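Visitor: I would like a close look at one part of this model, namely its aromatic contacts. Please take me through them with some care.

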Amino acid sequence: MVFSSNPLSLSVPDTTFDSWLRDSGYLEILDQHSSSSAAAAPATTSTITSTTTTATATGLFISFFSHILTLLSLFTLNPFSKLTTDDFSGQTPSWTRSFFADCGSYSFPSGSDQARLRVNENVKRYARNYASLFILFFACTLYQMPLALIGLISSLALWDVFKFCSDRWGWDRYPVLRQVMVRTAQCVTAVVLICLNVQMAFFCAVGISYTVMVLHAAFRKLTPAKQSARSR
(Lines give C-alpha, C1' and ligand atoms only; values in the text may rest on other atoms or scores of the structure.)
Protein backbone atom coordinates (compact mmCIF):
# COMPACT_ATOMS: atom_id res chain seq x y z
CA MET A 1 0.00 0.00 0.00
CA VAL A 2 1.35 3.41 -0.99
CA PHE A 3 0.49 6.32 1.26
CA SER A 4 -0.01 9.73 -0.24
CA SER A 5 2.30 12.47 0.97
CA ASN A 6 1.00 14.66 3.74
CA PRO A 7 1.61 18.36 3.00
CA LEU A 8 1.42 19.12 6.73
CA SER A 9 4.24 16.75 7.68
CA LEU A 10 7.59 18.30 8.54
CA SER A 11 11.07 16.87 8.40
CA VAL A 12 13.18 18.48 11.13
CA PRO A 13 16.97 17.94 11.09
CA ASP A 14 18.52 16.47 14.22
CA THR A 15 20.56 19.59 14.91
CA THR A 16 17.48 21.81 14.76
CA PHE A 17 15.51 19.41 16.95
CA ASP A 18 18.35 19.28 19.51
CA SER A 19 18.53 23.07 19.58
CA TRP A 20 14.78 23.30 20.15
CA LEU A 21 14.97 20.78 23.01
CA ARG A 22 17.85 22.72 24.59
CA ASP A 23 16.10 26.09 24.31
CA SER A 24 12.79 24.67 25.57
CA GLY A 25 14.37 23.13 28.65
CA TYR A 26 13.74 19.47 27.73
CA LEU A 27 17.29 18.50 28.64
CA GLU A 28 16.37 14.99 29.78
CA ILE A 29 14.83 14.26 26.34
CA LEU A 30 17.94 15.66 24.68
CA ASP A 31 20.06 13.40 26.86
CA GLN A 32 18.00 10.34 25.88
CA HIS A 33 18.10 11.35 22.22
CA SER A 34 21.90 11.61 22.30
CA SER A 35 22.21 8.18 23.94
CA SER A 36 19.84 6.50 21.47
CA SER A 37 21.59 8.09 18.49
CA ALA A 38 24.98 6.91 19.72
CA ALA A 39 23.65 3.39 20.37
CA ALA A 40 22.11 3.12 16.91
CA ALA A 41 25.33 4.00 15.07
CA PRO A 42 27.48 1.11 16.39
CA ALA A 43 24.63 -1.35 15.77
CA THR A 44 24.54 -0.45 12.07
CA THR A 45 28.30 -0.50 11.78
CA SER A 46 28.62 -3.87 13.49
CA THR A 47 26.18 -5.43 11.01
CA ILE A 48 28.36 -4.36 8.09
CA THR A 49 31.76 -5.17 9.58
CA SER A 50 30.93 -8.43 11.34
CA THR A 51 32.35 -10.45 8.45
CA THR A 52 35.99 -9.96 9.40
CA THR A 53 37.77 -10.26 12.74
CA THR A 54 40.13 -7.42 11.89
CA ALA A 55 37.31 -4.97 11.40
CA THR A 56 35.78 -6.01 14.71
CA ALA A 57 39.05 -5.50 16.54
CA THR A 58 39.45 -2.11 14.89
CA GLY A 59 35.94 -1.14 15.95
CA LEU A 60 36.66 -2.15 19.54
CA PHE A 61 39.86 -0.14 19.54
CA ILE A 62 38.08 2.92 18.15
CA SER A 63 35.31 2.56 20.72
CA PHE A 64 37.84 2.21 23.56
CA PHE A 65 39.81 5.20 22.30
CA SER A 66 36.66 7.33 22.02
CA HIS A 67 35.70 6.43 25.60
CA ILE A 68 39.15 7.50 26.80
CA LEU A 69 38.84 10.81 24.94
CA THR A 70 35.42 11.37 26.48
CA LEU A 71 36.82 10.79 29.98
CA LEU A 72 39.71 13.16 29.33
CA SER A 73 37.37 15.81 27.97
CA LEU A 74 35.54 15.86 31.30
CA PHE A 75 38.48 17.62 32.93
CA THR A 76 38.56 20.31 30.24
CA LEU A 77 35.00 21.40 31.02
CA ASN A 78 34.01 24.20 33.34
CA PRO A 79 31.31 22.68 35.55
CA PHE A 80 30.64 26.02 37.25
CA SER A 81 29.89 27.99 34.07
CA LYS A 82 26.11 27.99 34.64
CA LEU A 83 26.15 27.82 38.43
CA THR A 84 24.50 30.68 40.31
CA THR A 85 23.94 31.52 43.96
CA ASP A 86 20.26 30.57 43.60
CA ASP A 87 21.31 26.94 43.11
CA PHE A 88 22.44 26.84 46.75
CA SER A 89 19.31 28.49 48.18
CA GLY A 90 16.84 25.66 47.56
CA GLN A 91 16.37 22.38 49.36
CA THR A 92 18.97 19.64 49.14
CA PRO A 93 17.84 16.86 46.75
CA SER A 94 17.31 13.45 48.29
CA TRP A 95 20.55 11.50 48.54
CA THR A 96 18.99 8.09 47.93
CA ARG A 97 16.19 8.77 45.44
CA SER A 98 17.61 11.70 43.50
CA PHE A 99 21.38 12.02 43.92
CA PHE A 100 22.48 8.36 43.94
CA ALA A 101 19.27 6.72 42.63
CA ASP A 102 19.61 3.21 41.13
CA CYS A 103 21.99 1.62 38.64
CA GLY A 104 19.66 2.40 35.74
CA SER A 105 20.18 6.12 36.33
CA TYR A 106 23.79 5.95 35.11
CA SER A 107 25.29 5.47 31.66
CA PHE A 108 28.50 6.32 29.88
CA PRO A 109 28.18 9.59 27.94
CA SER A 110 28.10 9.04 24.20
CA GLY A 111 30.45 11.94 23.54
CA SER A 112 31.87 15.18 24.82
CA ASP A 113 28.70 17.10 23.94
CA GLN A 114 26.49 14.85 26.04
CA ALA A 115 29.07 14.89 28.85
CA ARG A 116 29.08 18.70 28.82
CA LEU A 117 25.27 18.78 28.87
CA ARG A 118 25.07 16.40 31.82
CA VAL A 119 27.84 18.11 33.82
CA ASN A 120 26.40 21.62 33.45
CA GLU A 121 22.87 20.54 34.34
CA ASN A 122 23.67 18.08 37.14
CA VAL A 123 26.03 20.50 38.87
CA LYS A 124 23.18 23.02 39.01
CA ARG A 125 20.69 20.42 40.28
CA TYR A 126 22.94 18.82 42.92
CA ALA A 127 25.04 21.85 43.94
CA ARG A 128 24.13 21.47 47.62
CA ASN A 129 24.96 17.75 47.55
CA TYR A 130 28.39 18.41 46.06
CA ALA A 131 29.04 21.13 48.64
CA SER A 132 28.17 18.67 51.42
CA LEU A 133 30.54 16.12 49.92
CA PHE A 134 33.35 18.68 49.89
CA ILE A 135 32.81 19.40 53.59
CA LEU A 136 32.83 15.66 54.30
CA PHE A 137 36.04 15.10 52.32
CA PHE A 138 37.71 18.07 54.01
CA ALA A 139 36.76 16.75 57.44
CA CYS A 140 38.12 13.29 56.56
CA THR A 141 41.35 14.85 55.28
CA LEU A 142 41.79 16.81 58.50
CA TYR A 143 41.18 13.61 60.46
CA GLN A 144 43.97 11.92 58.51
CA MET A 145 46.28 14.95 58.99
CA PRO A 146 46.15 15.92 62.71
CA LEU A 147 48.72 18.70 62.29
CA ALA A 148 46.53 20.38 59.68
CA LEU A 149 43.57 20.14 62.06
CA ILE A 150 45.63 21.73 64.83
CA GLY A 151 46.73 24.49 62.45
CA LEU A 152 43.16 25.26 61.41
CA ILE A 153 41.95 25.38 65.00
CA SER A 154 44.93 27.54 66.00
CA SER A 155 44.25 30.06 63.24
CA LEU A 156 40.59 30.31 64.24
CA ALA A 157 41.57 30.74 67.90
CA LEU A 158 44.05 33.46 66.91
CA TRP A 159 41.34 35.55 65.28
CA ASP A 160 39.03 35.02 68.24
CA VAL A 161 41.76 36.39 70.50
CA PHE A 162 42.24 39.31 68.13
CA LYS A 163 38.52 40.11 68.20
CA PHE A 164 38.46 39.86 72.00
CA CYS A 165 41.43 42.21 72.38
CA SER A 166 39.98 44.66 69.85
CA ASP A 167 36.68 44.83 71.74
CA ARG A 168 38.37 45.08 75.15
CA TRP A 169 40.89 47.80 74.41
CA GLY A 170 38.95 49.65 71.75
CA TRP A 171 41.30 49.32 68.82
CA ASP A 172 38.59 50.78 66.59
CA ARG A 173 39.49 54.21 67.97
CA TYR A 174 43.05 53.80 66.69
CA PRO A 175 42.85 52.92 62.95
CA VAL A 176 46.63 52.79 62.46
CA LEU A 177 47.15 50.47 65.42
CA ARG A 178 44.27 48.27 64.32
CA GLN A 179 45.66 48.06 60.77
CA VAL A 180 49.08 47.02 62.11
CA MET A 181 47.55 44.36 64.34
CA VAL A 182 45.42 43.02 61.47
CA ARG A 183 48.47 42.68 59.20
CA THR A 184 50.41 41.00 62.01
CA ALA A 185 47.59 38.53 62.64
CA GLN A 186 47.39 37.75 58.91
CA CYS A 187 51.11 37.03 58.73
CA VAL A 188 50.98 34.79 61.80
CA THR A 189 47.95 32.95 60.37
CA ALA A 190 49.71 32.38 57.03
CA VAL A 191 52.80 31.00 58.80
CA VAL A 192 50.69 28.64 60.92
CA LEU A 193 48.67 27.39 57.94
CA ILE A 194 51.75 26.81 55.79
CA CYS A 195 53.89 25.17 58.48
CA LEU A 196 51.12 22.78 59.53
CA ASN A 197 50.11 21.85 55.93
CA VAL A 198 46.56 23.12 56.14
CA GLN A 199 46.75 24.13 52.47
CA MET A 200 47.66 20.55 51.52
CA ALA A 201 44.58 19.23 53.30
CA PHE A 202 42.44 21.81 51.52
CA PHE A 203 43.89 21.03 48.09
CA CYS A 204 43.43 17.27 48.65
CA ALA A 205 39.78 17.79 49.58
CA VAL A 206 39.25 20.05 46.56
CA GLY A 207 40.89 17.55 44.17
CA ILE A 208 38.93 14.55 45.44
CA SER A 209 35.59 16.34 45.60
CA TYR A 210 36.09 17.90 42.14
CA THR A 211 36.88 14.49 40.58
CA VAL A 212 33.87 12.87 42.24
CA MET A 213 31.61 15.74 41.19
CA VAL A 214 32.68 15.68 37.52
CA LEU A 215 32.46 11.88 37.19
CA HIS A 216 29.09 11.67 38.95
CA ALA A 217 27.64 14.55 36.93
CA ALA A 218 28.87 13.07 33.64
CA PHE A 219 27.57 9.54 34.26
CA ARG A 220 24.29 10.55 35.95
CA LYS A 221 21.42 10.58 33.47
CA LEU A 222 19.25 13.68 33.33
CA THR A 223 15.83 13.25 34.88
CA PRO A 224 12.77 15.47 34.39
CA ALA A 225 12.82 18.54 36.58
CA LYS A 226 9.42 17.72 38.06
CA GLN A 227 10.59 14.26 39.05
CA SER A 228 13.69 15.69 40.73
CA ALA A 229 11.59 18.21 42.65
CA ARG A 230 9.19 15.48 43.75
CA SER A 231 12.00 13.36 45.17
CA ARG A 232 13.33 16.16 47.38
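Is Phe 219 buried, partly exposed or exposed, and what is its relative accessible area?

Guide: In this predicted model, Phe 219 has a relative accessible area of 23% and is therefore partly exposed, since the buried class requires a value under 20%. The structure holds 13 aromatic pairs, and in one of them the ring centres of Phe 108 and Phe 219 are 5.2 Å apart with the planes at 80 degrees, which makes the pair edge-to-face because that angle is over 60 degrees. Phe 219 belongs to helix α9 (residues 198–219), whereas Phe 108 sits in the loop between α4 (95–100) and α5 (112–125), so the contact ties together parts that lie 111 residues apart in sequence. Phe 108 likewise counts as partly exposed, at 29% relative accessibility.

Helix α9 also contributes Phe 202 to a pair with Phe 134, where the centres are 6.0 Å apart and the planes stand at 85 degrees, so this pair too is edge-to-face. Phe 134 lies in helix α6 (residues 127–144), and the pair links distant parts of the chain, 68 residues apart. Phe 134 is partly exposed at 24% relative accessibility, and Phe 202 is partly exposed with a relative accessible area of 37%.

Beyond these two pairs, Trp 95, Phe 99, Phe 100, Tyr 126 and Tyr 130 form one aromatic cluster. A charged side chain also meets a ring face, as Arg 220 lies over Tyr 106 at 5.9 Å from the ring centre.

Note on methods:
Residues numbered from 1 in each chain as written. Predicted model: local features only at pLDDT ≥ 70, side-chain atom pairs only at ≥ 80, totals over all residues. Heavy atoms only, no water. Phe/Tyr/Trp six-rings, centres within 6.5 Å; stacked < 30°, edge-to-face > 60°. Helix = DSSP H or I, 4+ residues; strand = E, 2+ residues; numbered from the N terminus. Buried < 20%, exposed > 50% of the residue type's maximum accessible area, 1.4 Å probe, protein only. Lys NZ or Arg CZ within 6 Å of the ring centre and 35° of its normal.
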